[in-house]
Amino acid sequence: MKLILLGPPGAGKGTQAKRLEEQFGFVQLSTGDMLRAAVAAKTDIGKQAEAIMARGDLVPNEVVVGIIAERIEQPDCKEGYILDGFPRNVAQAEALDAMLASKGTELDAVVELKVDSAILLNRIETRAAETEGGPRADDNAEALKKRLDVYDEQTAPLIAYYGKTGKLKSVDGMQTMDEVTAAIVAVLGIKKSKGSVLSWLTGRG
Ligand code: AMP
């Protein structure tokens, strides 16, 4: 299963991707996590990305496309992966399509988490307060405003882009975490699981 989770910052993409990874074994590929690791390790990419990320802008397409192209070649991606935070604009989506086509494959689905933008600031503030080791450099009001603007201008057009492919599924991201997970599993029609979906959802596994 090759899946994209789409939604604004704070929509719950990372949380849901981790849950799907735990339950189904699809690898979560978060470009944000990879870039934060590069910043922490002070690699060339990290040095290039640090200030851009802190202000809430997008890192250049060639950087993230290169990171993803390399990552999906790894053996753990063979069974499938969940792209969390990539693509972020139409150029990245086209690059991804080309990358997959060159391997004779394609995406299975794109799941859009629909959320009320008024609650996003709240969610990010909660996340900032709960993050071990202190908040992310971009979890502050100014950077968040920028990230939401960037989402509206550059990432939201992907909903129309993927809508045309017939692969787009929408899920109400305002429900509880468990309900959102269950809704994603339902729209994807996933049956095979490492454990029992029911026992996992009810916590009685
Ligand atoms: P995220 O953790 O997905 O919210 O990403 C945090 C930051 O990393 C973003 O605000 C961007 O600066 C950068 N970033 C993550 N993914 C991408 C991407 N696909 N394209 C460009 N920049 C990205």
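Which helices and strands each supply at least two residues of the lining of the largest pocket? That was my way into this model, which is a predicted one.

**Entry 1: the pocket**

I went through the lining element by element. The strands that each give at least two residues are β1 (2-6) and β2 (27-30). The helices that do so are α1 (13-24), α2, α6 (120-130), α7 (141-155) and α9 (177-188). By type, I have 18 nonpolar, 19 polar and 13 charged residues in the lining. For the space inside, I noted about 1,300 Å³. As a reminder to myself, a probe the size of a water molecule, rolled over the atoms, shows where empty space is left.

**Entry 2: the ligand**

Where does the ligand sit? I found it in the largest pocket. I got 16 residues around the ligand, and the closest are Thr31, Arg36, Asp57, Gly85 and Gln92. This shell splits into six nonpolar, four polar and six charged residues. Helix α2 (residues 31-40) gives the most to the shell, with four residues.

Next I checked some polar atoms. Arg36 has a polar side-chain atom 2.9 Å from an oxygen atom of the ligand. Arg88 also points me to a ligand oxygen, with a side-chain N or O atom 3.0 Å from it. With Gly85 I had to look at the backbone: an N or O atom there lies 2.9 Å from a nitrogen atom of the ligand. How much of the ligand does the protein bury? Taken alone, the ligand exposes 480 Å², and the protein buries 96% of that.

The bond from Phe86 to Pro87 is cis, and I read its omega as near -5°. I placed Pro87 in the loop between β3 (81-84) and α5 (90-102).

Then I turned to Lys42. Its phi is positive, about 55°, although Lys42 is not a glycine. I found Lys42 in a loop too, between α2 and α3 (44-55).

Terms used
Residues numbered from 1 in each chain as written. Predicted model: local features only at pLDDT ≥ 70, side-chain atom pairs only at ≥ 80, totals over all residues. Heavy atoms only, no water. Near = heavy atom within 4 Å. Polar contact = N/O pair within 3.5 Å; in protein donor to acceptor, adjacent residues only side chain to side chain. Areas by Shrake-Rupley, 256 points an atom, 1.4 Å probe, with all protein chains shown as cover. 1 Å grid on protein atoms, 1.4 Å probe; cavity = no way out; pocket = protein on both sides within 12 Å on 5 of 7 lines; lining within 4 Å. Sits in = over half its atoms within 2 Å of the grid points. Nonpolar A, V, L, I, M, F, W, Y, C, P; charged D, E, K, R; others polar. Points joined across faces, edges and corners; volume = space filled by probe spheres on them.
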